[in-house]
Amino acid sequence: MQHYDVLVVGAGHGGSQAAIQLRQAGFDGSIALVGDEPELPYERPPLSKEYLTGDKDFERMLFRPESFWRERDITLLAASRVTRVDPAAKTVATTGHGTIGFDRMIWATGGQARALPCPGGDDAAVFAIRKKRDVDAIHAALADTRRIVIVGGGYIGLEAAAGFRKLGKAVTVIEMADRLLSRVAGAALSDFYAAEHRRQGVDIRLGTTVEAIERSDGAVSCRLSDGAILVCDLVVAGIGIVPEVGPLIAAGATGGNGVDVDRACRTSLPDTYAIGDCASHANVWADGEQTRVESVQNAHDMAKVVAQDMMGEEAIYDALPWFWSNQYDLKLQTVGLNIGHDEEIVRGDPGSRSFSVIYRKAGRVVALDCVDRAKDYVQGRKLIEARAEVDAGALADIAVPLKELLP
Ligand SMILES: Cc1cc2nc3c(=O)[nH]c(=O)nc-3n(C[C@H](O)[C@H](O)[C@H](O)COP(=O)(O)OP(=O)(O)OC[C@H]3O[C@@H](n4cnc5c(N)ncnc54)[C@H](O)[C@@H]3O)c2cc1C
């Protein structure tokens, strides 16, 4: 039986970073990174951006070349899935590598793309965008594709819409809520992106959902809840993820929506940590509300905390969340969490395609969404860190740099 001092499950952003951080911190025990994808560990954000449009080669998405992992003595067990965890014996069952023992384990498995729950949701014309193989499958189908329906008006669906428009495809976005990005942003940002996508030729349908995906004479059609029928060649589902925590929960770990972790990212199982998209934690930037954050920042910063904790340093996860999204020529940068905000202030003119939305909660600045306003992003994050209470009129005044509003 193979045995490692640290077994990292999931070779994505969090898992790879945890192994790298451990070596950087001087950890000299054995480390294995077991992941169910066949490729070397790679960046996921380009999948819905430059990799989708063919503007970035896969080699440029690798975190590190193969030699890096070898030289740091990090064993990569690729194309292998952990199917069972025995917390008492400290072993996992895997596909391809049998039973593996560990002293300490880091669970960094992210989530799998949520399947469309309607009849026909598993049709061969329906694709996700979560892994390299998903986008490769889309690429293989693109030559015969003219019309694309995207289900889900979140960041991934909208980035894909922009990418497909660049490739000259006819694109329709179906969103169940009455506005885009409703889970993550306020109405001002939603309205801006709806107008922008429409201007770019995307057909945006709000307040409706796909009830069935049907085929007749080889043609695919989406039947919507508002009665519309959209004939298309390809469907992309961007409706969120389901955290990959089945084996951990079956082994007795506390959780529900993901697996619960404490401030040092420890699960309720002995010597078992969880990080990244699958880790449900009390986020200090959401007033301690239990949440999962799906971002590169969260995966990397949690990985760092775990490496520090394993090295015996005191570490707590309290990093300020940030995120980005690229659509067309627009660069959105977000910082903070707007969960529970009670006010949104628009700073600048959305019509100029350069503006920010500032979220306040009980008078405090808690988050910003900055569209091509890098200065607001950099200076605004200091207002959040300072937990500053700033007058709404001052925040809206673009003549005043945000740094001048710091208390
Ligand atoms: C298309 C797309 C675009 C994105 N764009 C952005 C962006 O612009 N900015 C941003 O901040 N974030 C973005 N994200 C989110 C970001 O990529 C994730 O938050 C980040 O990858 C989370 O890291 P993770 O380690 O938790 O999970 P992942 O990176 O998903 O890695 C998890 C790995 O574990 C594997 N795995 C799952 N279960 C098992 C198992 N049982 N055994 C072995 N292996 C397993 C998975 O296959 C996967 O390889 C994007 C995500 C996607 C999909």
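User: Which domains does the domain assignment of the protein chain give?
Analyst: This is a predicted model, in which local features need pLDDT of at least 70 and side-chain atom pairs count only at pLDDT 80 or more, while totals for chains, interfaces and linings use all residues. Residues are numbered from 1 along each chain as its sequence is written, and side-chain values use heavy atoms, with hydrogens and water left out. Domain bounds come from an automatic or database domain assignment. For the protein chain, that assignment gives domain 1 (2–112 + 241–310), domain 2 (115–237) and domain 3 (329–405).

User: How far apart do the C-alpha centres of domain 2 and domain 3 lie?
Analyst: Domain 2 and domain 3 are in contact (heavy atoms within 4.5 Å), with 12 residues of domain 2 meeting 13 residues of domain 3. Between their C-alpha centres the distance is 30 Å.

User: How much of the accessible area of the ligand does the protein bury?
Analyst: Polar contacts with the ligand (pairs of N or O atoms within 3.5 Å) include a polar side-chain atom of D36 at 2.4 Å from a ligand oxygen and one of D277 at 2.7 Å from a ligand oxygen. S295 places a backbone N or O atom 2.9 Å from an oxygen atom of the ligand. Taken alone, the ligand exposes 980 Å² (Shrake-Rupley method, 1.4 Å probe). Of that area, the protein buries 98%.

User: Is N298 buried or exposed?
Analyst: N298 lies in helix α8, where its side chain reaches the backbone oxygen of G276 at 3.4 Å. Leaving out residues up to four places away in sequence, N298 touches G276, D277, H281, V293 and Y317. Buried means under 20% relative accessible area, exposed over 50%, and partly exposed in between (1.4 Å probe, protein chains only). With a relative accessible area of 0%, N298 is buried.

User: How far apart in space are P45 and S325, C-alpha to C-alpha?
Analyst: P45 is found in the loop between β2 (31–34) and α2 (50–53) and counts as buried at 15% relative accessibility. Beyond four places away in sequence, P45 touches H13, V296 and W324. P45 and S325 are 280 residues apart in sequence, and their C-alpha distance is 8.7 Å.

User: What is phi of A362?
Analyst: Most residues other than glycine have a negative phi. R353, in the loop between β24 (343–347) and β25 (355–361), has a positive phi near 65°. A362 is in the loop between β25 and β26 (364–371) and is exposed, with a relative accessible area of 60%. Phi of A362 is also positive, near 45°.

Definitions and conventions. A polar contact is a pair of N or O atoms within 3.5 Å; within protein, one must be able to donate a hydrogen and the other to accept it, and residues adjacent in sequence count only if both atoms are side-chain atoms. Helices (H or I, at least four residues) and strands (E, at least two) are DSSP runs, numbered from the N terminus.
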